[in-house]
There are 2 protein chains.
Amino acid sequence: VTAGRVTIVGAGPGDPDLLTLAGARALGAADVVVFDRLVDRRLLTLAPAGARLVYVGKHKGGGVTQSTIEALLVDEARAGSHVVRLKGGDPHVFGRGGEEVDALGRAGVAVVVVPGVSSALAAPTAAGIPVTHRGIARSCTIVSGHLVGDDDFDWDAVAQVPGTIVILMAATAAAAVAARLIAGGRREEEPVAIVHAATTPQQRVARTHLAGLRASGCPFPAPSIIVVGPTAADEPRHAAS
Amino acid sequence: VTAGRVTIVGAGPGDPDLLTLAGARALGAADVVVFDRLVDRRLLTLAPAGARLVYVGKHKGGGVTQSTIEALLVDEARAGSHVVRLKGGDPHVFGRGGEEVDALGRAGVAVVVVPGVSSALAAPTAAGIPVTHRGIARSCTIVSGHLVGDDDFDWDAVAQVPGTIVILMAATAAAAVAARLIAGGRREEEPVAIVHAATTPQQRVARTHLAGLRASGCPFPAPSIIVVGPTAADEPRHAAS
């Protein structure tokens, strides 16, 4: 009996060409691919003929639970398979990769993590925005829009960090996040860029400022990322990939 | 005459397999490759036979200046070449990619940016550390150790953001950064991981806490990255790639 194992692979921000070579190699050696909603289906063609493809996308109001996904990974690996767990972006940037690593570790299943290009950094680039820029944007803070209702989370500190703030999962929380950042001390005039479906043919970019975002919210559905900071005002100067 | 152009490619954190498919394709279509010190030389074999390879590494006390690099990119593109500018990590995360994009734009040279896996996120993963983890580390702030002497930079705000702080270019500034974060309100007991040469065969990881880092500094030479936050205490649970 061959021991199974799991490779957690970051699929990158959207464009399938932004997968890593290591990720492509892992897919090419997969017996089972367990993939999320935001993963481009063309990546599945990198798996061998005969590999099983298991969709475990979460969506509003349902889908597969995290504990079900973790049990599936454990069961498939214990049955001897090389399981590739393909996740959008980077597994450790709001990707719950750490939880899956922990669950596999508790079950005694071998796991490696292949990092991916994070949407948090690639979406700004796709909109022509450097998240850091000498003398202008000297740090980058990545948060989730889901934190906006969390009274334990110190949004004031986030608001006051000089540099760029990137908000993932921002579509529904956009107006509330903008209000919270202004309340925490960011200027109402602080530039904002909103990037929908970054690096895909469906990519859309809108520009406003914090007061505008507070008034109007996000003009796009999920997946949308919001970039707050001095460089977000830049006109698109180049396209990604 | 064919119009030249520049593709700025993020080479990833060290392991050449962490290049993206798009980056590999750009290299395969390069006439000239302009590369930095931290780029694995094996990546240069992806360029066509006959492509010119130009080393422009910066190092302490010398090397090629940023303005010389920008002039080189402009000149080579104007001569009709497809120039691939290969940079370690991601071009827009303390990579000065934005400055090169601006210089090329001023010169009227077409440029695209292919994002890479940032060392800021991949180095923690390589040490078994998720930069975000549900309920434990709810944001990630990326800064440069070079900012420690900058009185205009608000380290207090960085210290107070809940979640993970990743410090790039941290080898020489480590003790001063730790002192600054403690002065700004982070606990002396806050876990710290130090990752040298992440994702390469030379990778080394050390663990301490903020007070220990303040006392002893970074035990490794550059390139080293420091991770501060609750998940930095974790024992390595898996290897990257």
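This is a predicted model: local features need pLDDT of at least 70, side-chain atom pairs count only at pLDDT 80 or more; totals for chains, interfaces and linings use all residues.
Local features here need pLDDT of at least 70 and side-chain atom pairs pLDDT 80 or more, while totals for chains, interfaces and linings use all residues. Residues are numbered from 1 along each chain as its sequence is written, chains are lettered from A in the order in which they are written, and side-chain values use heavy atoms, without hydrogens and water.

Q: What makes Ser119(B) count as buried?
A: Buried means under 20% relative accessible area, exposed over 50%, partly exposed in between (1.4 Å probe, protein chains only). Ser119(B) has 19% relative accessibility, so Ser119(B) counts as buried. Ser119(B) sits in helix H4 of chain B. Leaving aside neighbours within four places in sequence, Ser119(B) is in contact (heavy atoms within 4.5 Å) with Pro13(B), Gly89(B), Pro124(B) and Ile225(B).

Q: Why is the meeting of Arg25(B) and Asp17(A) called a salt bridge?
A: The rule asks for a side-chain nitrogen of Lys or Arg within 4 Å of a carboxyl oxygen of Asp or Glu. Arg25(B) and Asp17(A) meet at 2.3 Å, N to O, so the pair qualifies. The count between chain B and chain A is four salt bridges.

Q: How is the area between chain B and chain A given?
A: Buried area is the accessible area (1.4 Å probe) that two parts lose on being put together, summed over both. For chain B and chain A that is about 4,700 Å². Carbon and sulfur atoms give 63% of it. Leu21(B), His92(B) and Arg138(B) supply 15% of the area that chain B buries against chain A, more than any other three residues.

Q: How many residues does each chain bring to the contact?
A: Chain B brings 57 residues and chain A brings 56 residues.

Q: What makes S8(A) and S8(B) a pair?
A: Strands (DSSP runs of E, at least two residues, numbered from the N terminus) pair if DSSP finds at least two bridges between them. Strand S8 of chain A and S8(B) have three bridges, so they pair, in the antiparallel sense. In S8(B), Cys140(B) is the bridge partner of Ile142(A).

Q: How do you know that H3(B) is mostly covered?
A: Helices are DSSP runs of H or I, at least four residues. In H3(B), eight of its 10 residues are buried. Among them are Gly97(B), Val101(B) and Leu104(B). Their cover includes strand S1, helix H2, strand S6 and S7 of chain B.
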